[in-house]
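Colleague: I have a few things to ask about this one. Can we go through it residue by residue, then zoom out?
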Amino acid sequence: MRHLPLFASLAERDCLIVGGGVVAERRAKLLLEAGARVTVLAPRFTAPLEALAEQEPRLKLERGELGEGDPEFEPYWLVVAATGDRQVNARVAAGAERARRFCNVVDDPELCTFIMPAIVDRDPVTIAISSGGASPVVSRWIKGLVETLVPQRIGSLARLAGRWRGRARAALPDPDRRRHFWQQAMEGEAAEHCYAGRDAEAEAALERDLDAWRRGERGSRRGEAYLVGAGPGNPDLITLRGRQLLAAADVVLYDRLGAPGLLRYARRDAELIPVGKTPHAPSITQKQINRLLVERAAAGQRVCRLKGGDPMVFGRAGEELDALVEAGLPFQIVPGVSAVVGCAAYAGVPLTLRDVSRTVLLSTGHTNEDGASELGSFRPGQTLALYMGVAQYGAISAELIERGHSPQTPVAVVENGTTDTQRVVRTTLGLLPRARERLEIRPPALLLIGETARLAERYAWFGPSRLEVFDERAARGLARVS
Ligand code: SAH
């Protein structure tokens, strides 16, 4: 271990920074954030430093060169040398050393008596990462990793635990038992309430738990359901929150679309139950899914219902939520990248575009029992995104043309969007039925109709995607551009 990590309490303590450039500015802000009084010594300062000094009484700018004699280091707890001049920096370091003050020399680990870590700040939780000065890039990379894994609200959990420390000590005098209590609390209901921003419920859950532990029970765990958007199929597109809840779950109920690549983020001992519905084939019903969700959560398990795309978009979330509300069970909903935004991005089709499209309609190609559909609301100057309904592309095309849309209206069909098997078929409203048949378009596919669909050729960027243009020539069998 080259350095001993310490967390210094700098509130109202004086620190000195020598140098007035951008690096000095960054260091000054950091020290101010930690509550220090900061003196910056330099012949000139960046404009933001000067502006900051106007409003921040704890920041003092002292104009001057580092002269022949050392500045006085004794009044300062910490010294930072950030002049960009190695010789001047070395003199600062030597002076600080003589005065027994810790000194950080920017970009010069050899001269440092303390170094600055990469910081993950979840006040009051602070995580510091250092590579011993060897490689700031490595530290920042680890910081990125930690940022994704540690919930944003871990700080409120820490504050809660802090408030209850005394009461827990009184209620559970045996340190081993107390440690077990806290360990369970960190993974239990109180923690989940904290992460979901429900501080009062967190407080109540912790009180209940502590009470149970004091009576010699282990504390009951109330189950909870998480409706988590898995995104459209590319496992990188799940949200951080979705991944955290997936990793916390005891049971995962997952869809056929989107979810399977994500199961590796579940706990190794989590129970994984596929509940995907296959169109036109016998499979689990929505009622059975609702029942499973309620049963497991009521039994005290944390149930992650991993749904393709976004749970609130054509995901039948309403029925699952109704079942949970009726059973009085708590739940959380985590958004996901819906097929419409996933496919638009990975196929290079803007959904809105200045002067071209200002409205996006999301619908399904399905008609209801009376033969009515929502296609009537679609107007030129809009983008229509149709989920499902590949089998109805013929009827959709006929109805829109019948309603006065030009057969030349550009269309893009995105099959298996965002995944390595993505295919984009660029055609027109008039040719869509033949394109579907000849190019054998299969679900899952998203149909984008409107002028912006044309841009799929210009904005194609996703390496694995195949673009097929089905125009008049292709339709006459003369050529097929791939
Ligand atoms: N809740 C989901 C939609 C579920 S309905 C969401 O927000 O995306 C299922 C339909 O979504 C499919 O029939 C298809 O139209 C569309 N879809 C889902 N994933 C897709 C993908 N990777 N590529 C193209 N369409 C997709």
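Colleague: Is V137 buried or exposed?

Modeller: V137 counts as exposed, because its relative accessibility is 56%; exposed means over 50% relative accessible area, buried under 20%, and partly exposed in between, with a 1.4 Å probe and protein chains only. V137 sits in helix α4 (residues 136-149). Helices here are DSSP runs of H or I with at least four residues, strands are runs of E with at least two, and both are numbered from the N terminus.

Colleague: How far apart are V137 and L447?

Modeller: Their C-alpha atoms are separated by 43 Å, and the two residues are 310 residues apart along the chain. Before going on: this is a predicted model, where local features need pLDDT of at least 70 and side-chain atom pairs count only at pLDDT 80 or more, while totals for chains, interfaces and linings use all residues. Residues are numbered from 1 along each chain as its sequence is written, and side-chain values use heavy atoms, with hydrogens and water left out.

Colleague: Fine. What does I154 touch?

Modeller: Not counting residues up to four places away in sequence, I154 touches R122, V125 and Y195, where contact means heavy atoms within 4.5 Å. I154 is in helix α5 (residues 154-171) and is buried because its relative accessible area is 15%. I154 and P124 are 8.8 Å apart in space, C-alpha to C-alpha, and 30 residues apart in sequence.

Colleague: Switching to aromatics. How many aromatic pairs does a search of the whole structure find?

Modeller: Six. Rings of Phe, Tyr and Trp (its six-membered ring) pair if their centres lie within 6.5 Å; planes under 30 degrees apart count as stacked, over 60 as edge-to-face and the rest as tilted. One of the pairs is Y346 with F462, edge-to-face at 4.7 Å centre to centre and 75° between the planes. That pair links distant parts of the chain, 116 residues apart: Y346 is in helix α12 (residues 339-347), and F462 is in the loop between β17 (445-449) and β18 (466-469).

Colleague: Are Y346 and F462 buried or exposed?

Modeller: Both Y346 and F462 are buried. F462 counts as buried because its relative accessibility is 14%. F462 also pairs with W461, a tilted arrangement with 5.4 Å centre to centre and 55° between the planes.

Colleague: Which residues do ring pairs link into a cluster?

Modeller: F181, W182 and W213.

Colleague: What lies over the face of W77?

Modeller: R13, at 4.7 Å from the ring centre. R243 lies over the face of Y265, at 4.0 Å from the ring centre. A charge sits over a ring if NZ of Lys or CZ of Arg is within 6 Å of the ring centre and within 35 degrees of the ring normal.

Colleague: Zooming out, how many helices and strands does the protein chain have?

Modeller: There are 15 helices and 18 strands. The radius of gyration is 30 Å, well over the 23 Å that the globule rule gives for 482 residues, so the protein chain is more spread out than a compact globule. That radius is taken over C-alpha atoms, and the rule is 2.2 Å times the number of residues to the power 0.38. Along its principal axes the C-alpha trace spans about 90 × 65 × 40 Å.

Colleague: How many residues of domain 2 are in contact with domain 3?

Modeller: Five residues of domain 2, in contact with eight residues of domain 3. Domain 2 is 154-214 and domain 3 is 224-337, with bounds from an automatic or database domain assignment. Their C-alpha centres lie 27 Å apart.
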